[in-house]
Amino acid sequence: MVAADDGTWSLDFPTLYVVPDWISRHCKLQSVGGVDDTPRPFQMYDWQLRITANLYRVKPEAEVGKLSTAFHYRRVQAVAPQKSGKGPWAASIVAAEAVGPVLFRGWAQGGERYRCKDHRCPCGWVYEYEPGEPMGRPWNKPLIQITATSEDQTDNTYRPLQEMIRNGPLAEIMRVGEQFIRLPNDGRIDVVTASVQSRLGNPVTFVAQDETGIWTPGNGMTKVATTQRRGLGGMSGRSLEQTNAWDPTEGSVAQKTAETKVKDVYRYHRLPPKDLDYAKKTERRRIHAFVYQGSSHVDLDAIEGDAAELMEKEPAEAERFYGNRITAGMGTWLQQDRWDARKAHQLVPDGTRIVLGFDGSEVDDWTGLRAETLDGYQFTPVYGPDRRLTIWDPAEWGGQVPRLEVDAAVDEIFQRYDVVRGYFDPPYWTSEVAAWQARYGDKRVTEWHTNRAVQMHAACEQLLTDVTKKDTTFRHDGCETTSLHVRNARKAARPSNRYVLRKAAVHQKIDLAVTSVLAHEAAQDAIAAGFNEPPPTYYVYTA
């Protein structure tokens, strides 16, 4: 589940309402800056409360005795901009997981109460449940890890947690140290980094993972995340990721979480309007106002100062940190948000005049087929009784592209639509392309080599222009795979200021981006040849 861009939400599901109330009673922080340093109860912003409600969302069929499986979500990811308040909020969740009512204890009949004195807390706080409300209880022996790439990074969560404990009643039941916190019944909160291998693999009930957007295979943090999830699985525990937006070329843990297809991961990422340009100061201000909405402590003038300075040398990093957008570094061919902004749903009836783009592989890269109508709508066709997309990942077919499937798909598309032109990149598929030329005609099936720098550069620039300019009619079906492949595509320099497309990283694919370029080039050439003109009308006169 991903948060809606408009920021609206409704609490129409059962959740442990007792948790945010417990946090506001037990967790106190001093305000940052100013002259009044009196610790005050931590009150969640609306966006923080939204994520918390989903973290503790209870399944309607939940039973007493269930741990993680009583909840709707096993993992939660929060993507928010720099200085928006992720760290203190994560600290409050860790405090609740340590000694608060975070486990399902059945459904209230009415009049039941949660009493702090029953759980070693001397503050005297009492929470009364409403009829039908899910009730909570603490872990018997909580084992928690706060994890980041370095100790300085873990301070984002650990320092406010220490302050919350020292400033309130939690100091009576939690013993704060520099690297760990002792909890009742020999429970612990540990600070963990990739360098502290001895703590990895331990059983854990909850893990707070900080800045997973920079957790990559290169710094060893991907392995840390995998190891911690195994530890959580053994204890039926859960986890929270909080991060800035990430560079999509790095294959980070945050990116993999955002792209997962499983249903028990909740993801919150408030993206700004796609038509706003971060490079323009006035529009950048609107982006900041949107993504920082609700974080009342943030001074947008200060954010603009930091962002403008970073824009001078690292514009993509500035847009990630302060604009909350997934933005690649230097060499990006086409920003994904620009591509996604062209998404439109359109029915393409059988018999429609179209063109095709095809890029084939054998055992590693993907094979794909994209189509485009002559009025500028690009889409991934479907084929067969299961209406499969014309995208073939070798890993899903025993390690090799299913050539007979591809041939059947091509045949069905030529039968269903009026295909007037198709550009096919022939490497690895020379025999098949020759067979399709014999079957459908060499004017409808044309070899188009993508390794020709002059032609490929021009074709890439044409699609780039038609996606990014406001006065063009290009639009597409929103195919997720194509969107990811567009994001992965980078410019590989060639002589005379030209480029072809390359992968951002070895493990990332761009094949569907290439097919989009080919389909669009075929469409432009078909239009130039007059295929978009209506057929002539003939009149027969009789005496």
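This is a predicted model: local features need pLDDT of at least 70, side-chain atom pairs count only at pLDDT 80 or more; totals for chains, interfaces and linings use all residues.
Let's start with Ala526, which sits in helix α15, residues 511-528. Is Ala526 buried or exposed? Its relative accessibility is 0%, so Ala526 counts as buried. What does Ala526 touch, once we skip residues up to four places away in sequence? The list is Val355, Leu374, Val420, Arg421, Phe531 and Asn532. Take Val355 from that list. Along the chain, Val355 and Ala526 are 171 residues apart.

Among contacts with a separation of 6 or more, 71% join residues 24 or more positions apart. The chain has 543 residues, and buried ones make up 53% of them. There are 15 helices and 25 strands. The C-alpha trace spans about 105 × 55 × 50 Å along its principal axes.

Next, a residue in a loop. Thr212 lies between β12 (206-210) and α5 (221-235). Thr212 counts as buried because its relative accessibility is 0%. Who are its contacts, leaving out residues up to four places away in sequence? They are Glu241, Gln242, Thr243, Ser252, Val253 and Ala254.

Now a histidine. His457 belongs to helix α13, residues 453-468. Its relative accessibility is 16%. The cut-off for buried is under 20%, so His457 counts as buried. Set aside neighbours within four places in sequence, and His457 is in contact with Asn497, Arg498 and Tyr499.

Look at α1, residues 18-26, and α3, residues 86-99. Their axes come within 10 Å and cross at roughly 105°. That makes α1 roughly perpendicular to α3. Which residues meet there? From α1 we have Val19, Trp22 and Ile23. From α3 we have Ser92, Ile93, Ala95, Ala96 and Val99. By class, this contact has seven nonpolar residues, one polar and no charged ones.

Now the second pair: α7, residues 281-291, and α8, residues 300-311. These two pack at an angle of about 125°, with their axes 11 Å apart. The helices α7 and α8 are therefore oblique to each other. Their crossing is right-handed. On the α7 side, the residues are Lys281, Arg284, Arg285, His288 and Ala289. On the α8 side, they are Leu300, Asp301, Ile303, Glu304, Ala307, Ala308 and Met311. How many of each class are in this contact? Six are nonpolar, one is polar and five are charged. For α1 with α3, remember, the contact had no charged residues.

Let's stay with α7 and look down its axis. Which residues of α7 are buried? They are Glu283, Arg284, Ile287, His288, Phe290 and Val291. What covers them? The cover includes α8 and also α9, residues 315-323. Two names turn up again here. Arg284 and His288 are buried, and both take part in the contact with α8. Now turn to the other side of α7. There, Lys281, Thr282 and Arg286 are exposed. Lys281 is one to find in the viewer: Lys281 is exposed, and Lys281 also meets α8.

To close, go back to where we began. Ala526 is buried at 0% relative accessibility, and one of its contacts is Val355.

How values were computed: Residues are numbered from 1 along each chain as its sequence is written. Side-chain values use heavy atoms; hydrogens and water are left out. Axes are lines fitted to C-alpha atoms, for helices over the stretch in contact, and angles run from 0 to 180 degrees between N-to-C directions. Helices (H or I, at least four residues) and strands (E, at least two) are DSSP runs, numbered from the N terminus. Angles under 35 degrees count as roughly parallel, over 145 as roughly antiparallel, 65 to 115 as roughly perpendicular and the rest as oblique. A crossing is left-handed if the near helix is turned anticlockwise from the far one by less than a right angle, and right-handed if clockwise. Contact means heavy atoms within 4.5 Å. Ala, Val, Leu, Ile, Met, Phe, Trp, Tyr, Cys and Pro count as nonpolar, Asp, Glu, Lys and Arg as charged, and the others, Gly among them, as polar. Buried means under 20% relative accessible area, exposed over 50%, partly exposed in between (1.4 Å probe, protein chains only).
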